[in-house]
Amino acid sequence: MKKIGIFYGSTTGTTKSVAEQIAAELGVEQKDIHDVAESAPSEVADYDVLLLGASTWGAGDLQEDMATFIDGLQMVDLSDKMVAIFGCGDDQMADTFCNSVGEIYHALHDTHAQFFAPFNNDGYTYRHSDSDVKGMIVGLCIDNTNHPDDTAMRVKLWCADIKAELEGEE
Ligand SMILES: Cc1cc2nc3c(=O)[nH]c(=O)nc-3n(C[C@H](O)[C@H](O)[C@H](O)COP(=O)(O)O)c2cc1C
């Protein structure tokens with residue numbers, strides 16, 4: 001069975017909460033949920049599947065702890081890892097909504113990671129998001145500010161996709 005590690009960067013706790021909801025849904029133990037502010041990129045070696053999550057700050061910037069973590073992760077060969085991305089944002093920031101998801105995706109492109117679990121941004125109102133890569137939303141985007149009632153269902157559906165994908169890999 002593939003071992004899942006969750007690595008998140010969160011400034012005010014929203015992405016941390018989403019990481020915990022994802023863990024509960026997938027049966028990931030507490031010890032396998034990592035705040036990247038306190039983790040080294042080398043810790044990903046323990047896992048087959050990485051779920052990487054961060055919020056968007058500034059004007060569409062990746063959350064600062066995750067930005068530092070990703071800088072280190074770019075030096076790691078991830079060719080044997082499956083990677084899925086999640087992020088938190090605010091769709092009122094209509095030109096940079098949930099950019100974090102796209103920033104992680106682009107930053108890790110050259111590591112040869114196998115990306116999986118794209119999702120959709122249905123129900124959100126925005127003009128531009130870096131999570132949208134040529135028409136594919138490359139991860140789970142959560143807006144817990146304007147759409148809090150959708151969070152649980154979006155997490156559940158995304159995790160169902162992950163379970164299905166991993167079962168297919170067994
Ligand atoms: C100063 C500031 C800038 C932000 N910039 C963006 C942004 O560019 N795009 C976006 O989608 N959300 C943006 N957000 C919203 C945060 O990403 C959102 O509140 C998120 O849930 C925070 O998650 P965290 O607590 O895990 O860090 C911004 C929030 C603040 C306060």
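Let's start with Asp32. In this predicted model, Asp32 counts as buried, at 7% relative accessibility. Its partner in a salt bridge is Lys31, with N and O 3.2 Å apart. Lys31 counts as exposed, because its relative accessibility of 53% is over the 50% cut-off.

## Salt bridges across the chain

How many salt bridges are there by this rule? The count comes to three. Another of them pairs Glu25 with Lys156, where the closest N and O atoms are 3.4 Å apart. Glu25 sits in helix α1 (residues 14–26) and Lys156 in helix α4 (residues 151–169), so the bridge ties together parts that are 131 residues apart in sequence. Glu25 is partly exposed, with a relative accessible area of 25%, and Lys156 is partly exposed too, at 43%.

Asp95 and Arg127 also meet in a salt bridge, at 2.9 Å from N to O. This pair links distant parts of the chain, 32 residues apart: Asp95 is in the loop between β5 (82–88) and α3 (99–107), while Arg127 is in the loop between β6 (114–115) and β7 (132–133).

Now for the rings: the structure holds six aromatic pairs. One of them is formed by Phe7 and Tyr47, with 5.8 Å from centre to centre and 80° between the planes, an edge-to-face arrangement. Phe7 belongs to strand β1 (residues 4–9) and Tyr47 to the loop between β2 (33–35) and β3 (49–57), so that distant parts of the chain, 40 residues apart, are linked. Both residues of this pair, Phe7 and Tyr47, are buried.

Phe97 and Tyr126 form a tilted pair, with centres 5.2 Å apart and 45° between the planes. Phe97 lies in the loop between β5 and α3, and Tyr126 in the loop between β6 and β7; the pair links these distant parts of the chain, 29 residues apart. Phe97 counts as buried, at 0% relative accessibility, but Tyr126 is partly exposed, with a relative accessible area of 23%.

## A cluster of rings

Which residues do ring pairs link into a cluster? They are Phe7, Tyr47 and Phe69.

Terms used:
Residues are numbered from 1 along each chain as its sequence is written. This is a predicted model: local features need pLDDT of at least 70, side-chain atom pairs count only at pLDDT 80 or more; totals for chains, interfaces and linings use all residues. Side-chain values use heavy atoms; hydrogens and water are left out. A salt bridge is a side-chain nitrogen of Lys or Arg within 4 Å of a carboxyl oxygen of Asp or Glu. Helices (H or I, at least four residues) and strands (E, at least two) are DSSP runs, numbered from the N terminus. Buried means under 20% relative accessible area, exposed over 50%, partly exposed in between (1.4 Å probe, protein chains only). Rings of Phe, Tyr and Trp (its six-membered ring) pair if their centres lie within 6.5 Å; planes under 30 degrees apart count as stacked, over 60 as edge-to-face and the rest as tilted.
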